[in-house]
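I opened the notebook to go through this model step by step. The entries below follow the order in which I looked things up.

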Amino acid sequence: MDRAELAIRWAAALTQVAYVARDRDVIERELADLLGALVACLRADGPDEATGVGRALAESGFHQPVCVRVSIDVLSSGLPRLTEVDDATRLPGVLAALAAGFADATRRRLFAEQQDLRDALVHARNTVERDLRASEARFGEVFTTSALGMVISDLGGGVARANEALEEMLGYKPGTLFRKRLDDLFHPQDRAYLRTRYDELADGVGHQLDERTRFLRADGETQWVRVAVSVLRDRDDLPDHHVTMVQDISDLHLLEHHISHQGTHDPLTGLPNRQAFVGRLEEALGTGQEVSVLHLGLDDFAVTNDGIGRAAGDHLLREVAARLTQLLGEQPGIVARLAGDEFAMMLEHPPGGLDVGGVATEINDVLSEPTYVDGQGIAAWATIAVVSLPSADTKPDELLRATDIALRKLKQRGRRQWCVVDPVQNQLYREQYRLAATIPGAWENGELGLELRPVVALAERTVVATEALLRWEHPEYGVLGPQRCAELLLDTGLSVLLGHWVLGQAAAAVEGSALYLELSAEQVADPDLVMQVRRVLGESGLDADRLELGMPVCSLSIGDGVAEDNLGVLVDLGVRTVLTDFGHTRGDLACLEDLPIHSVRMSGAVVSRVVRPDPAALFTRSVAGLVPMVREVGISVLVPGISTEEQAKWWMGVGADLGTGPLFS
Amino acid sequence: MTESSSWVPEGVNTELPSAARVYDYLLGGGHNFPGDRALAEELVRLLPARDMSRLNRAFLRRAVLHLLDAGITQFLDLGSGIPTVGNVHEIALAADPTARVVYVDYEPVAVAHSEMLLREVPNADVLRADMREPEKILRAPRVRELIDLSAPLGLLMVGVAQFIPDDDDPWALVARYRDALAPGSHLALSAFTWDNAPEGMAGAVEVFRHSQDPIFPRTHQEILRLFDGFELVEPGLVYTPLWRPERAEDVGDNAARSNLYAGVARKT
């Protein structure tokens, strides 16, 4: 037998008991080399060299004890039969040395592997601890930032940890759920059931708890939730805590019971909101249903809110909601809260029609019954705009815009009013609002300008002053005159600003002539008026006594003092003062007595009433008596809107000294 | 949410035997603890466990060499265990220095071992993950760094399928991996079977019950179904020594005593 043959036998035996990850050819070559070394030992080198062979065998991967046994079996019978070996007397010693070398290598290998294992263990522990810390940090972050409510409780139900999301959901202050009883958060009716299920989980009966149930909020209200509960186990795999995830499903719950209640209802009163009302109205109109809409604006609601307090205001709103709902009763229709102090009622018409006036009156009757807040009886009154039987193609938003405009107009007239919306009138109002809303743009674009008119001494027909008025060259409607401009300005907040602008423009425009300018009531009461006048006088070089400022009598007779103060200072400056809109009431005369007035301008309404004076008429006679009285105390009387010689003569006849109007232009 | 606290990583448990360390011991390794050795010795009384381990390990080597021949240069070794003799990267890199290997195991000590071993090996890495989470594994940066899922991959599930209970549906699991792999990818798989020694295997099931890794041996038919959607290469699903033996005489007269079926299949 040669060395290669024995190597094949040796390799076959070894690979039957141990695995090395090398090709068999390679293994056989390696073993043949080892055989060579062993043959050398048998021949001469002595057995000690065989320890190296044993070591090499173990290090080549055949390191298991069984390998040395298998090797000795193969070698003890095979080595003596090698043709190159003639003397086998040294064989036992050689094999013993081989076994010793093998054992030594294996011992070293095992030691190294155990060292490896220790290192790996330390490494693994570090990794796991790092993972644990990261994991705990991650868990902590999830716990604190989760939108889900989370609570960890011990098996007895003591809260070990609860996150803010849960505290917020249930209305607790942050940090206050700690050490509370989990069971106290359960709704009383579900408490026993939930506790049983939690206990079952801990006992390993159920796997997981996942269901809808009710919790109790801090304020005692029911909170619908979905809970998912699982068991935390300790290092010995024994259950020691429950983790409960809590999801707020109150929206979901409401959704199921009352479709999108929150989106369509006013949270304060529980009434449908504007959106819901519009939807319902659209539906009714769309199906050809005959309906009437009553749009209510509470009168002086701010008085309650500001006077008694917001809580009282809220109480009143809820009371109004309740009473309107009660009034509607079983009738088909809807009551809604449109905005702060606005409500609406839509009534479907019964056969035979509906007495909307009766309903409006009834509404104010039920609202005026006082309700008590902290012992104070408060009540509401409403101004009501009614649209009866709108056509089927009416758009609900348009309809409410019309009632809104009508309400504003009504409120200017007083309280507890009601009206049926007049579509034509409403269209006019709407046009007016549309125009008024575009004034700022017109001003900026230079569409606003002055109209100058002469003020004439009636006797001599000489021009004594120039009156300046606002006009608007509208690109679409042509020139809008001073009267129209004044009406439009009433609906904007611009009358003061624009008035001051007109003053400045006019002072520059009159060029030496005396300037007569009528101020609006707001302008008269503006605390900045005096400063503005001073500025204009300074800039234009106009003498103060060449400036005549008209002030509406209404702004002076019922003011809070600012208008009177302004008047006094202006007079001190030397400005001449004109009381305008004069001649309506006897109070006008009181103003003349009390205030430093230089002239009066008769009210346009008075002038137009005596266009064709009937000497016997009471009104004509009173005017004829009034003018001389005014003149007697040295006050000029200016008559506006004179368009005929006849008018001029009549006014001159009763004593008026100044005039304006088409006749003099 | 699972019943136990999955966010807390399991610690290093040296008391409870681990299959990876038992396998290491049976292969003659020293990376094991007394509990592992005791379990292994119990196993040896019931089944030829040393031979089973050796033959399975040899199958791994032959399978990897076959895949390299088939042009596969990247490998994902699921349940790789403790790096011991004949690791995939050693075999693969010896054949092709550009080959890439990612090991996956969930046993922390096995992973730590692999990390230490692979520190200086740029083409191989280890990921600590449960092989039952293919989506997580295939998305892991460590995996993506070395493995290109648009190219054929060698997916190795050698000697691990028996650790997945029916409840976790190993068939669906393999299918999830399969679906993520590029055509031309291969699956090499071996698993414990009842078919040869049902009593001894039943004893092994009992023994492994007291380890971190209970086992679920299966029939030939059940194991064959794991290859659904793949095409088995010759000789199909056979006992480990019968799968393309290096030498005819290696098979011996009782291949069935390997107690593991093995096969390699190609995704078309």
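**Entry 1: the interface**

I noted at once that the model is predicted.

I then asked how many salt bridges there are between chain A and chain B. The count is 3.

Next I listed which elements of chain A give two or more residues to the side that touches chain B. They are α1 (3-17), α2 (24-45), α5 (91-145), β4 (222-233) and β5 (239-248). The largest share comes from α5(A), with 17 residues. I sorted the residues on this side of chain A by type: 18 are nonpolar, 12 polar and 11 charged.

I moved on to the extent of the interface. I found 41 residues of chain A in contact with 39 residues of chain B. The area buried between chain A and chain B is about 3500 Å², and carbon and sulfur atoms give 56% of that. Which three residues supply more than any other three of the area that chain A buries against chain B? I found A:Y19, A:R24 and A:L117, which supply 20%.

**Entry 2: backbone checks**

Most residues other than glycine have a negative phi, and most peptide bonds are trans. I looked for departures.

I found a cis peptide bond between B:E234 and B:P235, with omega about 0 degrees. I placed B:P235 in the loop between β6 (230-232) and β7 (238-239) of chain B.

A:D300 is not a glycine, yet its phi is positive, about 55 degrees. I located A:D300 in the loop between β6 (291-298) and α12 (301-307) of chain A. Is A:D300 buried or partly exposed? At a relative accessible area of 39%, A:D300 is partly exposed.

B:R244 also went on my list: its phi is positive, about 45 degrees, and it is not a glycine. B:R244 sits in the loop between β7 and β8 (260-267) of chain B. I noted B:R244 as partly exposed, with a relative accessible area of 36%.

**Entry 3: salt bridges over all chains**

I counted 40 salt bridges in the structure over all chains. I then went through some of them.

A:E518 pairs with A:R601, and their closest N and O atoms are 2.6 Å apart. A:E518 lies in strand β16 (residues 515-518) and A:R601 in strand β19 (residues 599-602) of chain A, so the pair ties together parts 83 residues apart in sequence. I noted A:E518 as partly exposed at 26% relative accessibility. A:R601 is buried, with a relative accessible area of 12%.

B:D125 and B:R142 meet in a salt bridge at 3.5 Å, N to O. Here strand β3 (residues 124-128) of chain B holds B:D125, and helix α7 (residues 141-146) of chain B holds B:R142, 17 residues apart. B:R142 is partly exposed at 34% relative accessibility.

B:D130 and B:R132 form a salt bridge, with the closest N and O atoms 2.8 Å apart. I checked both ends: B:D130 is buried at 18% relative accessibility, and B:R132 is partly exposed at 28% relative accessible area.

Salt bridges with shared partners join A:R55, A:D104, A:R107 and A:R108.

Conventions:
Residues are numbered from 1 along each chain as its sequence is written. Chains are lettered from A and ligands numbered from 1 in the order in which they are written. This is a predicted model: local features need pLDDT of at least 70, side-chain atom pairs count only at pLDDT 80 or more; totals for chains, interfaces and linings use all residues. Side-chain values use heavy atoms; hydrogens and water are left out. Contact means heavy atoms within 4.5 Å. Buried area is the accessible area (1.4 Å probe) that two parts lose on being put together, summed over both. A salt bridge is a side-chain nitrogen of Lys or Arg within 4 Å of a carboxyl oxygen of Asp or Glu. Helices (H or I, at least four residues) and strands (E, at least two) are DSSP runs, numbered from the N terminus. Ala, Val, Leu, Ile, Met, Phe, Trp, Tyr, Cys and Pro count as nonpolar, Asp, Glu, Lys and Arg as charged, and the others, Gly among them, as polar. Buried means under 20% relative accessible area, exposed over 50%, partly exposed in between (1.4 Å probe, protein chains only).
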